[in-house]
Amino acid sequence: MAEDDHAQTWSDFDDAVNMTPAALRKHLDGAASQAVGQKEAGGDESTGHAMGRRILAIKDKKKADLTDDDYAAMRKVVGYVHRHLKQGGDARKDPDSPWRMSLMNWGHDPHKD
């Protein structure tokens, strides 16, 4: 992938993930985080919770060490956050809503906007 695409992906990812690694880690350790999201058949962890852990791994890397797979994951995060922010309805007002908890699993706290 072109370096320009990586730069744009990094910028978009940085905008979408508005939680600090410490805040995301704390959230992922909580019961509310683990209670939301879709899980694969027989799985214990939701897709979003797993992606939250992946986001932390990406944030721990130096930009020069990011792989094409990392950039693909970053684009997935950006797409999810943008789609999910268009939803929410009345859940937007509830700080403990599954809608917010799910977004936070993906590194975005809509109450920070």
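**Figure 1. Ser 102 and Tyr 80 meet through their side chains.** The side chain of Ser 102 makes a polar contact of 2.6 Å with the side chain of Tyr 80. This is a predicted model. Ser 102 sits in helix 6. Its relative accessible area is 11%, so Ser 102 is buried. Leaving out residues up to four places away in sequence, Ser 102 touches Val 36, Tyr 80 and His 84.

**Figure 2. Tyr 80 and Trp 106 form a stacked pair.** Two aromatic pairs turn up in a search of the whole structure. One of them joins Trp 10 and Phe 13; that pair is tilted, with 6.1 Å from centre to centre and 45° between the planes. The other view is centred on Tyr 80 and Trp 106. Their ring centres lie 4.1 Å apart and their planes meet at 15°, so this pair is stacked. Tyr 80 belongs to helix 5 (residues 68-85), and Trp 106 to the segment after helix 6 (98-105). The pair therefore ties together parts that are 26 residues apart in sequence. Tyr 80 has a relative accessible area of 15% and is buried. Trp 106 is buried too, with a relative accessible area of 5%.

**Figure 3. Trp 10 and Phe 13 pair within helix 1.** Both residues lie in helix 1, which covers residues 3-16. They are three residues apart, about one turn of the helix. Is Phe 13 buried or exposed? Phe 13 has 0% relative accessibility, so it counts as buried.

Figure 4. Ala 16 is part of helix 1. It counts as buried because its relative accessibility is 4%, under the 20% limit. Which residues does Ala 16 touch, not counting residues up to four places away in sequence? They are Val 78, Val 81, Gly 107 and His 108. Ala 16 and Ser 102 are 86 residues apart in sequence. In space, 14 Å separates them, C-alpha to C-alpha.

**Figure 5. Asp 70 is a buried residue of helix 5.** Asp 70 lies in helix 5. With 4% relative accessibility, Asp 70 counts as buried. Its contacts, not counting residues up to four places away in sequence, are Arg 54, Ile 58, Lys 61 and Asp 65.

**Figure 6. Thr 67 sits in a loop.** Where is Thr 67 placed? Thr 67 is in the loop between helix 4 (47-60) and helix 5. At 35% relative accessibility, Thr 67 counts as partly exposed. Thr 67 and His 6 are 61 residues apart in sequence. Their C-alpha atoms are 9.9 Å apart in space.

Figure 7. The protein has six helices and zero strands. From the N terminus on, the order is α-α-α-α-α-α. The radius of gyration is 14 Å, close to the 13 Å that the globule rule gives for 113 residues, so the protein is as compact as a globular protein of that length. Its C-alpha atoms fill a box of roughly 40 × 30 × 25 Å along the principal axes. Of the 113 residues, 38% are buried. Among contacts with a separation of 6 or more, 60% involve residues 24 or more positions apart. The accessible surface comes to about 6,700 Å². Carbon and sulfur atoms hold 49% of that surface.

Notes: Residues are numbered from 1 along each chain as its sequence is written. This is a predicted model: local features need pLDDT of at least 70, side-chain atom pairs count only at pLDDT 80 or more; totals for chains, interfaces and linings use all residues. Side-chain values use heavy atoms; hydrogens and water are left out. Rings of Phe, Tyr and Trp (its six-membered ring) pair if their centres lie within 6.5 Å; planes under 30 degrees apart count as stacked, over 60 as edge-to-face and the rest as tilted. Helices (H or I, at least four residues) and strands (E, at least two) are DSSP runs, numbered from the N terminus. Buried means under 20% relative accessible area, exposed over 50%, partly exposed in between (1.4 Å probe, protein chains only). Contact means heavy atoms within 4.5 Å. A polar contact is a pair of N or O atoms within 3.5 Å; within protein, one must be able to donate a hydrogen and the other to accept it, and residues adjacent in sequence count only if both atoms are side-chain atoms. The radius of gyration is taken over C-alpha atoms; the globule rule is 2.2 Å times the number of residues to the power 0.38. Accessible areas come from the Shrake-Rupley method with a 1.4 Å probe; for residues, only the protein chains shown count as cover.
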